[in-house]
There are 2 protein chains.
Amino acid sequence: MVTLAEVAQHAGVSASTVSYVLSGKRSISAGTRERVEQSIQLLGYHPNAGARALASNRSNIIALMIPLRTDMYVPVMMEIAIAVTTSARAHGYDVLLLTGEEGPDAVRRVTGSGLADAMILMDVELDDGRLPLLRDTTQPSVLIGLPADTSGLTCVDLDFGATGALCAEHLAMLGHRDIAVIGEAPAVYERHTGFAERTLDGLRSRSRELGLRVLHRPCEGGFDAMSLTLARVFDERPGTTGFVVQNESAVEPLLALLRRQGRAVPEDVSVIAICPDQVAVQASVRLTSVAIPAQEMGRGAVEHLIAKLEGRGTDDVVLIAPELTVRASTGPAPAAP
Amino acid sequence: MVTLAEVAQHAGVSASTVSYVLSGKRSISAGTRERVEQSIQLLGYHPNAGARALASNRSNIIALMIPLRTDMYVPVMMEIAIAVTTSARAHGYDVLLLTGEEGPDAVRRVTGSGLADAMILMDVELDDGRLPLLRDTTQPSVLIGLPADTSGLTCVDLDFGATGALCAEHLAMLGHRDIAVIGEAPAVYERHTGFAERTLDGLRSRSRELGLRVLHRPCEGGFDAMSLTLARVFDERPGTTGFVVQNESAVEPLLALLRRQGRAVPEDVSVIAICPDQVAVQASVRLTSVAIPAQEMGRGAVEHLIAKLEGRGTDDVVLIAPELTVRASTGPAPAAP
DNA sequence: ATAGGTTGTCGAAGCGCTTCGACTCCGTCC
DNA sequence: GGACGGAGTCGAAGCGCTTCGACAACCTAT
């Protein structure tokens with residue numbers, strides 16, 4: 001392994017000079033800088049991460065806690081993780097991957113050991129056990145998601161309330177009166193993961209204003225669960241003509257079942273999905289959808305974190321405005337029979 | 001931040017003693033050990049990662065390179081990443097997430113800086129630019145995937161050749177004679193990611209032995225692409241009664257299209273998918289499938305890596321035997337018309 | 001011409017840990 | 001009873017880097 005000292009010797013300068021060339025924290029004459037840079041190239045020098053972390057008290061690592069469960073939004077999670085990693089690299093940071101498995105202990109371990117300079121938490125619950133620890137530590141952090149109490153925290157998330165409202169507006173505008181929300185798996189609600197409730201709240205309150213009747217049913221993904229759920233929906237509200245689907249893995253089953261029942265989309269029934277654009281365009285009907293901006297969320301989280309690391313940061317809640325894209329799965333409500 | 005020295009002082013011993021309590025590398029009397037452990041608890045001590053890495057020359061971090069692209073198998077990738085992280089933690093290692101973005105440079109950076117003790121590479125191409133670097137370094141590594149030349153490398157992967165053969169056998173046994181393979185997106189083949197070709201080779205050679213006729217068509221996921229592909233298949237081979245689908249995002253479109261054409265699954269047409277079990281059971285028909293054992297692959301990779309880190313490891317290629325689960329999407333070939 | 005500021009470089013201290021050799025006890029064995 | 005060896009502990013060196021203060025050299029403004 002090549003060390004700083006070896007580079008310094010090769011370039012005929014002191015170790016500290018090489019260090020300053022690398023960090024740019026003091027001015028260095030052009031000639032010296034060039035010589036040092038050449039030596040670095042020539043010897044193939046890479047600063048030792050451990051030594052650097054020890055001396056500077058910064059590891060240049062961001063910890064990313066992803067959920068262990070795979071009961072929801074897997075592609076979204078993946079996309080966020082990749083966006084976080086890519087943006088972090090662009091700022092000179094690496095990403096340490098943590099699963100929820102260790103729970104709050106992971107936070108303690110990482111902050112205590114100086115393994116990472118900062119954290120990004122995904123899959124935040126309304127009353128998350130990790131939050132008190134985050135508030136206690138001086139280590140910057142950003143949540144992707146929205147807990148009940150956001151005081152002293154920085155959060156980035158899609159504005160799910162507005163998302164719900166947007167869905168209601170679109171369906172109301174098309175003349176629908178009875179709509180059904182196919183929600184996430186019951187486990188997601190039990191876990192109090194906020195976003196599902198927020199969507200529903202937004203949708204319900206806007207629906208009230210617009211005179212829509214809303215029926216909400218949680219639903220595990222998959223064909224069988226969807227089949228049961230759908231039967232119950234039409235049983236209870238035969239006049240339902242609009243669907244809002246929040247659970248990605250319920251989308252395709254729903255479309256298949258509607259088809260099988262002879263209900264045409266969008267002539268008889270309109271469907272809006274809350275999902276990544278890719279899913280919306282790949283479905284068997286091109287879906288009108290509100291996109292989940294995974295990239296933007298990941299990038300936003302990193303940028304806020306970097307700002308905080310550089311002391312420019314502020315605690316705030318950034319809600320990304322939802323965008324509804326009209327495609328082929330929504331249309332005017334059918335004339336009443 | 002609490003340091004070793006503070007713990008030592010609190011427990012009334014020297015710093016080295018505390019270190020030995022922590023590492024167990026020298027014997028410590030029960031009494032001393034207990035006192036030290038109590039002090040650690042009481043003070044909430046966590047060893048500083050940087051200092052430890054510097055002094056011991058090991059970071060206890062494994063780097064995991066995941067593909068940047070999301071054109072294939074996203075859930076599988078995610079599941080592998082989670083399995084890797086979980087198993088690594090069980091062995092006392094953390095996981096650093098790298099995207100393919102940096103390419104070979106990432107390998108250089110990580111090995112050069114001592115950021116990680118070892119690497120796991122996913123999405124390995126047949127002639128991957130990172131492989132020469134891996135062969136050159138002393139740092140242990142494991143590939144998930146199979147390059148063209150495996151000499152000096154350790155690889156873990158599903159035996160895709162056997163997977164293809166298994167699909168052929170199952171369909172042949174059921175009396176099918178004309179089968180179609182719906183492959184990955186063309187981009188996957190252009191990238192030479194091995195597994196797609198291996199599946200096809202295995203399937204073709206077994207088919208030859210069994211007298212099956214095979215038509216292979218790459219296919220982007222999604223409804224529109226699948227629609228085109230399917231039309232061409234039946235155009236060219238009207239007697240096709242068996243499908244093997246390798247592209248996850250083509251499964252549901254295929255089923256929908258067959259239904260629309262009035263071809264019943266499994267009465268008229270049999271479908272085998274190569275996909276995670278979860279996808280197979282959640283589809284609109286419970287799919288006969290060969291599972292992609294993501295968990296097992298992730299865990300296997302970590303275990304091999306740990307073995308190498310401890311000096312017990314050997315370079316070898318571990319191919320996981322495929323398992324075919326019969327569900328509701330395959331049945332006897334229909335009698336010839 | 002001289003005081004004062006800038007610029008570029010160096011030496012040394014130290015970050016918190018691991019590890020090696022050395023030392024002290026104490027029990028064992030001839 | 002003295003040599004021997006193992007168990008338990010300590011002190012010190014050093015891992016490779018950053019950073020602070022010091023200093024020489026030079027430039028400018030009075």
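**Entry 1: the two protein chains**

I counted four salt bridges between chain B and chain A, taking a salt bridge as a side-chain nitrogen of Lys or Arg within 4 Å of a carboxyl oxygen of Asp or Glu. I noted the pair A:Glu102 and B:Arg89, whose closest N and O atoms are 3.4 Å apart. This is a predicted model, in which local features need pLDDT of at least 70 and side-chain atom pairs count only at pLDDT 80 or more, while totals for chains, interfaces and linings use all residues. Residues are numbered from 1 along each chain as its sequence is written, chains are lettered from A and ligands numbered from 1 in the order in which they are written, and side-chain values use heavy atoms, with hydrogens and water left out.

I then looked up the contacts, defined as heavy atoms within 4.5 Å. In chain B, 49 residues are in contact with 49 residues of chain A. The copies meet through the same surface, because 98% of the interface residues of chain B are also interface residues in chain A.

The two chains bury about 4,300 Å² between them, and 63% of this lies on carbon and sulfur atoms. Buried area is the accessible area (1.4 Å probe) that two parts lose on being put together, summed over both.

**Entry 2: symmetry**

I superposed chain B on chain A by a rotation of 180° with 0.0 Å of shift along its axis, at an RMSD of 0.1 Å. The two copies are therefore related as by a two-fold rotation axis.

**Entry 3: DNA strand D**

I found 26 residues around DNA strand D, the closest being A:Leu4, A:Arg26, A:Tyr45, B:Thr17 and B:Thr32. Here a residue is near the strand if one of its heavy atoms lies within 4 Å of it. Of the atoms of DNA strand D that come within 4 Å of the protein, 56% belong to sugar and phosphate.

Which side chains of chain A place an N or O atom by a phosphate oxygen of DNA strand D? For A:Tyr45 the distance is 2.4 Å, for A:Arg52 2.8 Å, and for A:Lys25 3.0 Å.

I also recorded that helices H2 (15-23) and H4 (49-56) of both chain A and chain B each supply at least two residues of this surface. H4(A) gives the largest share, four residues. Helices (H or I, at least four residues) are DSSP runs, numbered from the N terminus.

How values were computed:
Polar contact = N/O pair within 3.5 Å; in protein donor to acceptor, adjacent residues only side chain to side chain. Least-squares fit on C-alpha atoms with pLDDT ≥ 70 in both.
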